[in-house]
Amino acid sequence: MTNVTRSRPLSPHLQIYKPIPTMVMSIVHRITGGALYFGTILVAWWLIAAASGAAYYDWVNWLFGTLIGKLVLFGYTWALVHHMLGGIRHFIWDLGYGYEKHFATKMAKGTLAGSVALTLLLWIVGSLVR
């Protein structure tokens, strides 16, 4: 009895496919969705600190105000905005629009550019409001 599976071709995978914007943004959309789970823990931690008393709240705010804390919060903001824009892109597809290759590629690139621009805008406005 021979092993039939050895003569079968392998399924295509990331080393075979050329990365295109829609594929990359689909992967990034999934990654940002996973990152939002962990980022939401930070929001919960901040709320718990606010309910726990002034000393603990001040410590958590100090930690989030450090360079590392700000980088983590900036990344969380970008993941949130990028995932939202990716969701809008998927909603457009659910409505039956945007399947043309050139338009889908423009939406993928727009998702990336828009998420960076909106994240920067949110942080600039946030720093001015303080």
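**A pocket and a nonpolar patch**

Sixteen residues, written here as 16, line the largest pocket, and Phe64, Leu73, Thr77, Trp123 and Arg130 lie nearest its centre. This is a predicted model, where local features need pLDDT of at least 70, side-chain atom pairs count only at pLDDT 80 or more, and totals for chains, interfaces and linings use all residues. Residues are numbered from 1 along each chain as its sequence is written, and side-chain values use heavy atoms, without hydrogens and water.

A pocket is an open set of points on a 1 Å grid over the protein atoms alone, where a 1.4 Å probe fits, with protein on both sides within 12 Å along at least five of seven lines; lining residues have an atom within 4 Å of a point. The largest pocket holds about 620 Å³ of space.

α3 gives the most, five residues. By class, the lining has nine nonpolar, five polar and two charged residues.

Met84, Ile88, Leu118, Leu121, Val125 and Val129 make a nonpolar patch of about 530 Å². α3 (67-94) and α4 (101-129) are the elements that give two or more residues to this patch. α4 has the largest share, four residues. Patch residues have over 30% relative accessible area and no salt bridge, and nonpolar side chains are joined within 5 Å.

Which helix holds leucine 121? Leucine 121 lies in α4.

Conventions. Patches are made of residues with over 30% relative accessible area and no salt bridge: like charges are joined within 9 Å, nonpolar side chains (Val, Leu, Ile, Met, Phe, Trp, Tyr) within 5 Å. Accessible areas come from the Shrake-Rupley method with a 1.4 Å probe; for residues, only the protein chains shown count as cover. A salt bridge is a side-chain nitrogen of Lys or Arg within 4 Å of a carboxyl oxygen of Asp or Glu. Grid points are joined across faces, edges and corners, and a volume is the space filled by probe spheres set on the points. Ala, Val, Leu, Ile, Met, Phe, Trp, Tyr, Cys and Pro count as nonpolar, Asp, Glu, Lys and Arg as charged, and the others, Gly among them, as polar.
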